[in-house]
Each structure stands twice: as C-alpha cells, then as structure tokens.
Amino acid sequence: SKCISNYGEVDQFALEGGKASRGFTKDRLIAVLDQVEMRVERLRKDTVRIEEEKDSLLSTLDSIKHSELLLDISECDKDDITRYADRILSRAMTVEVTVRTDRDHQQEEALYQVNMYIDQLVMSVHNDAVSAHSRCQTYMNACTSQPDPNAGTDKNFETAILGCTLDDQKRVKKRLQGLLDYIAKLNVTTCS
C-alpha cells in the first residue's frame, strides 16, 4: 500500500513498524528514502515561500501605516485604518514559519553581522530614504554577480555575506530586493 499526501506518494514501509515486508531489498529501501528526501526538500522550499509571503504581507502593512495617503484623510478615518492594519498585523504575527539552516560558528557570526547591517538600514529608511536606497543598492551589489553599475559595492557587507551559508545568501538577497521595492513604494526616490 502507499501513503499519499500533498507531497506525493511514498511506500508505507515506515508505517509498518519499520519491519520490511517480503521483497524489500536495500535498493527498494534506498528508493523509498530518495522519495522522502525529495518530499523534505519540497517541504523546505514551500516553507521558505510561505516565510517570504509573510514578510511581504508585513511590509505591505507597514507601508500602509506610513503611507502619505493617510495625510489626505480625516483623523477619524486614519484611526480606523490604523486599527484595522494593527488587527491584521496581530493576526499575521500568530503565524510562525521557519526553516532552520545549519551553520558553523563563523557562519553564525557572518549572518549576525549581515543582519546588523540590514537592521541599521531599515532604521534609517524613514529618516533618509534616498540615502537608505543608495546603501541598500550597495548591499545588493555585494550579493549578485551582475551588480548595478550606477552603485558601488559595500565591501564590509560583501565580506560578511560571503561568510554566510548559500541558503542565507539567497534569503538576504531576497530581503534586500524586498527592501528596495519597499523604499520605491515610499515615492521618495527615483527607483527604476
């Protein structure tokens, strides 16, 4: 019999108390493990996608709460919108999704440094969006093989990002792209 789920079919060997029925050879067990490994990788990829979707939703909520459009409506309407956004934010924060990446001590330290750089950048967005956009682009250039020729590369950030795992490098690049898009939505810079 087979065990069927959203991630495909896998032989029910594991559900039979670990006892191999007649005909289960090493090759057959390896084939079952191969199927399980593919499902695990698909699960990790789907979870990363959900993590990114949550980040995107949080970014949208933040941009609504800080939108210049709120300046054009009455205080009463502004309060209603802010309360509504806060309620949605509270619901979004009840969702906890994470894919753990195994890292050695150096990779942990490199990721910590990268996150410090990005956190400082995020803190500066509402104070000076133009400067934050330029700095974010120099960080993005450190993550890509085809950097924007109009912006330089932050060498300190580059050193830190190169010390991270490949999974972390991909996540940071997507995070920076999201931040660039967010700054562009603020309508304060002329982002392409």
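1. In this predicted model, ring pairs join Y117, Y139 and F157 into a cluster, and a search of the whole structure returns 3 aromatic pairs. The ring centres of Y117 and Y139 lie 6.0 Å apart with the planes at 65°, so this pair is classed as edge-to-face; Y117 sits in helix α3 and Y139 in helix α4, 22 residues apart, and the pair thus links distant parts of the chain.

2. The rings of Y139 and F157 have their centres 4.2 Å apart and their planes at 10°, so the pair counts as stacked, and it likewise links distant parts of the chain, with Y139 in helix α4 and F157 in helix α5, 18 residues apart. As for accessibility, Y139 is buried at 2% and F157 is buried at 0%, whereas Y117, at 23%, counts as partly exposed.

3. The largest nonpolar core has 24 residues, of which V114, V125, F157, I161, V172, L176 and L179 touch the most other members. Helices α3, α4 (129-143), α5 (155-162) and α6 each contribute at least two residues to this core, and α4 gives the most, with 7 residues. Beyond its neighbours within four places in sequence, V125 is in contact with A132, L179, Y182, I183 and L186.

4. The largest pocket holds about 1100 Å³ of space, and among its 33 lining residues the closest to the centre are E51, D55, S56, K174 and R175. The lining divides into 11 nonpolar, 8 polar and 14 charged residues, with at least two residues supplied by each of α1 (26-65), α3 (105-124) and α6 (166-185).

Methods. Residues numbered from 1 in each chain as written. Predicted model: local features only at pLDDT ≥ 70, side-chain atom pairs only at ≥ 80, totals over all residues. Heavy atoms only, no water. 1 Å grid on protein atoms, 1.4 Å probe; cavity = no way out; pocket = protein on both sides within 12 Å on 5 of 7 lines; lining within 4 Å. Points joined across faces, edges and corners; volume = space filled by probe spheres on them. Helix = DSSP H or I, 4+ residues; strand = E, 2+ residues; numbered from the N terminus. Nonpolar A, V, L, I, M, F, W, Y, C, P; charged D, E, K, R; others polar. Core = buried A, V, L, I, M, F, W, Y, C linked by side-chain atoms within 4.5 Å. Buried < 20%, exposed > 50% of the residue type's maximum accessible area, 1.4 Å probe, protein only. Contact = heavy atoms within 4.5 Å. Phe/Tyr/Trp six-rings, centres within 6.5 Å; stacked < 30°, edge-to-face > 60°.
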